[in-house]
Amino acid sequence: MSGADETPVLIVGGGPVGLALAADLGRRGIDCTLVEQSDGTIYHPRANTVNSRTMEFCRRWGIAEEVRQAGTPPDFPLDIVFCTGLAGYLLARVERPTYGGHKPLPTTPERSQRCNQLFFDPIMRKLAASFPSVRLRYRCRFESFTETADGVQCQIHDLANQRRETIKARFLVACCAGRSSVPQALGVRWEGQPVLSYHLNVFLKIKELWNRHDKGKTAFYFFVDEAGLGPSLIELDGNELWRFGLSTGQKLIAPEEVNFPALIEKFMGPDIPYELISILPWTCRSVVADTWQRGNVFLAGDAVHQHSPSGGFGMNTGLGDAVDIAWKLAATMAGWAGPALLESYEIERKPVARRIVREATEGQAPLADAATLAHVRAPGVEGDRARRAIGDEILRERTKVFVSDGLVLGYRYEPSPVIMPDGTPPPAESVSRYTPTARPGSRAPHAWLGQGRSTLDLFGDDFVLLAFDGAAGDASAILAAARSRRVPLKLVAIDDPAIAKLYERRLVLVRPDGHVSWRADAPPDDPLRLVDRVRGAIH
Ligand SMILES: Cc1cc2nc3c(=O)[nH]c(=O)nc-3n(C[C@H](O)[C@H](O)[C@H](O)COP(=O)(O)OP(=O)(O)OC[C@H]3O[C@@H](n4cnc5c(N)ncnc54)[C@H](O)[C@@H]3O)c2cc1C
């Protein structure tokens, strides 16, 4: 397909997920067109956390350093402070020493970063635009689509030129956060709670706020008062930009109804010189779509999962969707994928999203009992007792989503029609603790290869067959099977006993997205069957 009104892949939505999909397709040389209704300017801060897994994708895309430079400086403290106010009582401090700094970590080559969408989305936009096969069309609204025998026919409104157009595409991927007609047309139903609470997000400028209180310089302050866990104050650029988050509970309240100066005085103290930049009302949900794909139409990102920002998972999970579907679309267009490969997208990603939504929602449960909370700001012994109880509860119940390596690196694709299980039990599930494993379905684990290269740097383009312990000679039948099915596969022999031990088997097959498809100590009896399974030709 070619020409202005035809594209192999039409992406709706130029948020981080649509841009990541466009970039990953562009990297693979796949033609695609992205339509975004706005002009792409980010006016208001949303996601801050670019977690380690997303940073690993950024490393693959060659933008990790740019992301590191754009966000909060690496030496900025990332502990989480719970207090009654910056001028009030300290309740708890969650220490997160490994989340900042430069020291290499054993489990990932890329430390989680804080880079707000104010800075992150433009980097993604520049990356996507750098590929000649990617066309980004801003001020273009997607209106509707009809399914045809060989794809979809989409109605687009070019807002800049006030012109309506038709674009024919083989595949349509809606990354439009549930606000376009695609989810409705697919009859998507949301599992979960459509409204947990209403919120106002206040974008503020306050220079070096940390010099104006005694709670210490850090990126996160959560405030508690007699009503429970209240507003939060989140640092955005390591200097002067902050996001003050306020829940209005079950009541939808307009920004004009809120007395912000009084709130700022209550939680930050008197005489804080602030500039209010903008206010964004948003709704906290806890939902996963029941349908992620139908025929040649797919949904990704906030269009299929929405939850509380607790733990900072939303954008990161959406980028995981984009990475999962990009290579599958590319393989299908290259002609070597079977039908189960695209079908595996929803099967693999939906359970990951369900788990993230569950964990992010748990962090929303009310804090402490009303009788204890009543004394949280009281002076004296009774107040001290209440604050100790609340602080203990916070440390016991509220910290796990703040250290979430188990979720971020330990997610796995199971079940999946394109993964060959090896019968070994999975590591114990944990939100915070990540247990490296090369068990099929898992993210192939990181180990340093020397000279700053990680095992993860081997993955991202073709399938890779890792051979340990002299197993390269046993790989020829698998390589021949892949060749006969036109599946791009590269053999990499690694002569390092520590990495061999980490991967546990002599032969490990890793997919283009860096997840393990299969592993064993010897080649399978039927290598063609293995190749057919991982390329989605066996249901
Ligand atoms: C207060 C807050 C804090 C958050 N903090 C974090 C965090 O720390 N970490 C994290 O990972 N996530 C966080 N999130 C969530 C994160 O912002 C979203 O998950 C992320 O932006 C989703 O990306 P997306 O590309 O799916 O959707 P969006 O970013 O919403 O982008 C969708 C795009 O589609 C466009 N669009 C919609 N309809 C059409 C149409 N018909 N035609 C053309 N274009 C269309 C929209 O204009 C929009 O640009 C937070 C969210 C909020 C509200």
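Guide: Let us begin with a definition: contact means heavy atoms within 4.5 Å. The model before us is predicted.

Visitor: Which residues are in contact with Ser-404, leaving aside its neighbours within four places in sequence?

Guide: Ser-404 is in contact with Tyr-99, Phe-313, Val-431 and Ser-432, its neighbours within four places in sequence being left aside. Ser-404 itself lies in the loop between α10 (380-397) and α11 (405-408).

Visitor: Why is Ser-404 called buried?

Guide: A residue is buried when its relative accessible area is under 20%. Ser-404 has a relative accessible area of 6%, and therefore it is called buried.

Visitor: Why does Thr-317 count as buried?

Guide: The relative accessible area of Thr-317 is 6%, which is under 20%, so Thr-317 is buried. Its place is in helix α7 (residues 314-334). Thr-317 touches His-305, Arg-349, Ala-353 and Ile-356, residues up to four places away in sequence not being counted.

Visitor: What makes helix α8 mostly covered?

Guide: Of the 24 residues of α8, 17 are buried. The helix comprises residues 339-362 and reaches 37 Å from its first C-alpha to its last, close to the 34 Å expected at 1.5 Å a residue.

Visitor: Why does Arg-53 count as buried?

Guide: Arg-53 has a relative accessibility of 4%, and the limit is under 20%, so Arg-53 counts as buried. This residue is found in helix α2 (residues 52-61). Not counting residues up to four places away in sequence, Arg-53 touches several others, among them Arg-60, Val-408, Leu-456 and Asp-513.

Visitor: What makes the pair of side chains of Arg-53 and Tyr-411 a polar contact?

Guide: A polar contact requires a pair of N or O atoms within 3.5 Å. The side chains of Arg-53 and Tyr-411 make such a contact at 3.1 Å.

Visitor: How far apart are Arg-53 and Lys-217 in space?

Guide: From C-alpha to C-alpha, Arg-53 and Lys-217 are 27 Å apart, and 164 residues separate them in sequence.

Visitor: Let us turn to the strands. What makes strand β2 mostly covered?

Guide: Strand β2 (residues 32-36) has five of its five residues buried. Cys-32, Leu-34 and Glu-36 point one way from β2, while Thr-33 and Val-35 point the other way.

Visitor: How do we know that β1 and β2 pair, and in which sense do they run?

Guide: Two strands pair if at least two bridges are found between them. Four bridges join strand β1 (residues 6-12) to β2, and the two run parallel; therefore they are called paired. The bridge partner of Val-12 in β2 is Val-35.

Visitor: Which residues come nearest to the ligand?

Guide: There are 32 residues around the ligand, of which Glu-36, Arg-46, Gln-117, Asp-302 and Met-315 come nearest. An oxygen atom of the ligand is 2.7 Å from an N or O atom in the side chain of Glu-36. For the side chain of Asn-316, the distance from a ligand oxygen atom to an N or O atom is 3.0 Å. A polar backbone atom of Gly-314 is 3.1 Å from an oxygen atom of the ligand.

Visitor: What is the order of the strands in the open sheet?

Guide: Four strands form this sheet in the order β22-β21-β23-β24, with mixed pairing.

Visitor: What makes β22 and β24 edge strands?

Guide: Each of them, β22 (489-494) and β24 (516-520), pairs on one side only. From one strand to the next the twist averages 15 degrees. Helix α12 (residues 476-484) packs on the sheet and touches β21, β22, β23 and β24.

Visitor: How do we know that β21 and β23 pair?

Guide: Strands β21 (residues 463-468) and β23 (residues 507-510) share four bridges in the antiparallel sense. At least two bridges are required, so the strands pair. Val-464 stands opposite Val-510 in β23, and Leu-465 stands opposite Leu-509.

Visitor: Which strand forms a hairpin with β23?

Guide: That strand is β24, with five residues between the two; Gly-514 in the turn has a positive phi of about 90 degrees. Four bridges join β23 to β24, which run antiparallel, and Leu-507 stands opposite Ala-520 in β24.

Technical notes:
Residues are numbered from 1 along each chain as its sequence is written. This is a predicted model: local features need pLDDT of at least 70, side-chain atom pairs count only at pLDDT 80 or more; totals for chains, interfaces and linings use all residues. Side-chain values use heavy atoms; hydrogens and water are left out. Axes are lines fitted to C-alpha atoms, for helices over the stretch in contact, and angles run from 0 to 180 degrees between N-to-C directions. The expected span of a helix is 1.5 Å times one less than its number of residues. Buried means under 20% relative accessible area, exposed over 50%, partly exposed in between (1.4 Å probe, protein chains only). A residue is near a molecule or strand if one of its heavy atoms lies within 4 Å of it. A polar contact is a pair of N or O atoms within 3.5 Å; within protein, one must be able to donate a hydrogen and the other to accept it, and residues adjacent in sequence count only if both atoms are side-chain atoms.
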